Each structure stands twice: as C-alpha cells, then as structure tokens.
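Student: I would like to learn how to read side-chain and helix packing in a model. Where do we start?

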Amino acid sequence: MADPTLLILPGDGIGPEVMAEVRRVIDWYGARRGLRFAVEEDLVGGCAYDAHGIPLTDATMARAQAADAVLLGAVGGPKYDALDFSLKPERGLLRLRKEMDLYANLRPAQCFDALADFSSLKREVVAGLDIVIVRELTSGIYFGEPRGIVTEGNERVGINTQRYTEGEIARVARVAFELARKRSNKVCSMEKANVMESGVLWRQVVTEVHAAEFPDVALSHMYADAGAMQLCRWPKQFDVIVTDNLFGDLLSDAAAMLTGSLGMLPSASLGAPMANGRPKALYEPVHGSAPDIAGEGKANPIACILSFAMALRYSFDAGEEAARLEASVERVLADGLRTADLLGPEGGKPVSTRAMGDAILAALDESL
Ligand code: IPM
Ligand code: MG
C-alpha cells in the first residue's frame, strides 16, 4: 500500500520554524518505526497571499481534501492587518475548516507535572489536569449569515449571526460523548441558554442525543460564563467539555493558560470519515503565529509536535506511537529543558527551538 499522504502547511510567523522540528520527528518515525508518510508542503495564510494574492488557492484546497491528514503551523501577522477581510490570512484557515467540514475540534488541556508550578494558578489547582474541550468548528457566529458591515441611516452597523441547526449540534455532541466513553465518561455542555435561543436549542439537542444514545455517560450543563469561572476555580471537575465555535475559542485559550503555556497545546479538527475510513482531519497547535518572536529560533515547538502525536492517534491508528512521542516530550520537560515561553519570573536559561527538537529526538531514541 502507498504511504499515507501528509500535507504540511507551515504558514506564517513561527509556523515554519516549529514545523521544521515536526518534520524531523516525522523523519524519525519513518527511519526508526517504519511509519512512513508521503509528505507534501504548501502555502496557507499570509505567505500564500504574498505568493498568489489570496490566503489559500483552490489547488492547495484540493490537495488538503485529498490528503490523509493536514498538519498546519500558524497563520497571520501584523503585515496583513490592513488587508481586506476576505484576504486576511485567517480566511485561509477558516476556508480549510469549512470546506473540509471539520466540525469537531478537540483541544486537550493537559498540565505536565514539570510545569505545574509555572501556571498562573496554584499547583494543587492544575497538577494532573487532563481535560478536552470539544469545540464546534464549522458553524455558529463564525459563519452565520447575514454578516457584514452595512450602513443604516448615517451610521455603520457590524453584523454577525449565531446560527445552529440541530444536526450540527447533534454531530459534535456525539463526538464529545464518544470521547468521554474512552476517558472519564463525563461531559459538560456549555452555552448561554439563559440569553440565546441557539443556546436553548443546543441544550435540548445535547440532552436528546444523550438520552437516546449515551445514557451511560454523565452529562451536565453550564452557562458558558459560569464555565469560564469554574475553569479557573477548579478545572479538575471537568473531563470533556462540549461547546460552540465562539465559546470554544475563548474557553480553550483560558484552559490553555491553566497548563502553563499556550506553547504546549495541540489540537485536532475532525470531520466525517473518508472512503478509506480515516476521518477528514487537520492538526494544528492552539497558539498563533507569534510574529514578535518569529525567525529568532525561540519558539516552543511542543504544541506542533504534540499535534503530530494527535495525528498518529486519530488519523493513523498509531496510539502507542503517539503515547511514545507524548512521553518523550514529558521526559524532556522533566529533565528541565525550557524554551523561553516556559520560563517563570525567576528566569533561567532558555533553549532554542532546534535544541528542544534535538532533545525530543534523543528521548525518542532512548524510548526504543
Ligand atoms: C483558533 C484561532 C482562530 C479562531 C483564528 C486564527 C481564526 O483563534 O484556532 O483558536 O478564531 O478560530
Ligand atoms: Mg483562538
């Protein structure tokens, strides 16, 4: 059988430098574990705009649709701030999510023990934390119509529409319940049913799917604002959180900080199964393109490397190899290695992006 295809889209800012480390990890799996991929590379975001005048070409879109999995670095940067909305780097990423129909975005927030003191919250609040936010990714206010900036009378009005069909809610709820069954069997659904009709429907549909298909899973509901508060107060009460596109965007950034650094967190965006049984999938770090440090070799490659681990698990049925990679990352952190983002107020000597990659490769070697 031909090697599965992996389309790599490094993107902008620190994307290319963190992705360079991932490529070395991919090569390691080919050489040492016989897990080979046909790796292709292409442009998305600002770099695609620079080359082609748009943030994602139809040709790249078609390659993403055909790939067994897509791995993305990050998009965006101040250079593109003045561009028309439709040409902004972020539109490239949103087009990928929408056209691949990647409706379920899994964002784990896991606190590595070696970093528990580095969180802005107390050690006992975050140590051992292991939760997953399942964010709906292809609908809601990000995509609802009508939208735009229009003129009414003598002033401008900005319009976005929150819209969810019951089918859209049910399918992401199923992903959350299935995932919970493999974990602690507990789902908390978050919306604002107290003020939004879309929230009322969200709660109803999640409740119906639960009763009909997943009565064995413990289900609770929370208003998303209270959920944000509880995430900071006692995050270990949660296992799987399922929520809509915008709330998921906010809550996952908050959850990220519980773990010490945004530079640590991977994500998987999954859609329906393809003909070969693999889900349509795109993997990317939760962090952005960090233009302020781009090109300096300071960025933390761990989130992007752990995104590849998620690809091994969810696209390539290689859960044990994913665990090997995760354990290697944990090992390196336990040994005290820190990129600049992982140094607390007391400071210390940071290692470079490349040195972090070297150490993870060495830990992989040792794992054999
Ligand atoms: C994320 C990002 C994106 C989002 C941006 C870059 C479009 O913040 O993936 O969380 O808002 O979804
Ligand atoms: Mg975000």
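Tutor: With burial: a residue counts as buried when its relative accessible area is under 20%. Keep in mind that this is a predicted model.

Student: Is Trp28 buried or exposed?

Tutor: Trp28 has a relative accessible area of 7%, so it is buried. Tyr29 is buried as well, with a value of 0%. In helix α4, which spans residues 89–99, the buried residues include Pro89, Gly92, Leu93 and Leu94. Leu96 and Arg97 are also buried there.

Student: What follows α4?

Tutor: Asp101 follows α4, and its phi is positive, near 55 degrees.

Student: How do I read a pair of aromatic rings?

Tutor: Such a pair is described by the distance of the centres and the angle of the planes. A search of the whole structure gives 7 aromatic pairs. In one of them, Trp28 and Tyr29 have ring centres 5.0 Å apart and planes at 80 degrees, so the pair is edge-to-face. The cut-off behind that reading is an angle over 60 degrees.

Student: Which residues do ring pairs link into a cluster?

Tutor: The cluster consists of Trp28, Tyr29, Phe37, Phe308 and Phe316.

Student: Which charged residues lie over rings?

Tutor: Lys98 lies over the face of Phe143, 4.8 Å from the ring centre. Over the ring of Tyr142 sits the charged end of Arg135, at 5.3 Å from the centre.

Student: How do I read two packed helices?

Tutor: They are described by the angle between their axes and the distance between the axes. Take helix α11 (residues 319–334) and helix α12 (residues 353–366): their axes are 9 Å apart, and the packing angle is about 120 degrees. That angle makes α11 oblique to α12. The crossing of the two helices is right-handed.

Student: Which residues make the contact between α11 and α12?

Tutor: From α11 come Arg324, Leu325, Ser328, Val329, Arg331 and Val332. α12 contributes Met356, Ala359, Ile360, Ala363, Leu364 and Glu366.

Student: At what angle do α8 and α9 cross?

Tutor: Helix α8 (residues 224–233) and helix α9 (residues 245–258) cross at roughly 10 degrees, and their axes come within 10 Å. The two are therefore roughly parallel to each other; the cut-off for that term is an angle under 35 degrees. On the α8 side the contact is made by Ala224, Gly227, Ala228, Leu231 and Cys232. On the α9 side Phe247, Leu251, Ala255 and Leu258 take part.

Terms used: Residues are numbered from 1 along each chain as its sequence is written. Chains are lettered from A and ligands numbered from 1 in the order in which they are written. This is a predicted model: local features need pLDDT of at least 70, side-chain atom pairs count only at pLDDT 80 or more; totals for chains, interfaces and linings use all residues. Side-chain values use heavy atoms; hydrogens and water are left out. Rings of Phe, Tyr and Trp (its six-membered ring) pair if their centres lie within 6.5 Å; planes under 30 degrees apart count as stacked, over 60 as edge-to-face and the rest as tilted. Buried means under 20% relative accessible area, exposed over 50%, partly exposed in between (1.4 Å probe, protein chains only). A charge sits over a ring if NZ of Lys or CZ of Arg is within 6 Å of the ring centre and within 35 degrees of the ring normal. Axes are lines fitted to C-alpha atoms, for helices over the stretch in contact, and angles run from 0 to 180 degrees between N-to-C directions. Helices (H or I, at least four residues) and strands (E, at least two) are DSSP runs, numbered from the N terminus. Angles under 35 degrees count as roughly parallel, over 145 as roughly antiparallel, 65 to 115 as roughly perpendicular and the rest as oblique. A crossing is left-handed if the near helix is turned anticlockwise from the far one by less than a right angle, and right-handed if clockwise. Contact means heavy atoms within 4.5 Å.
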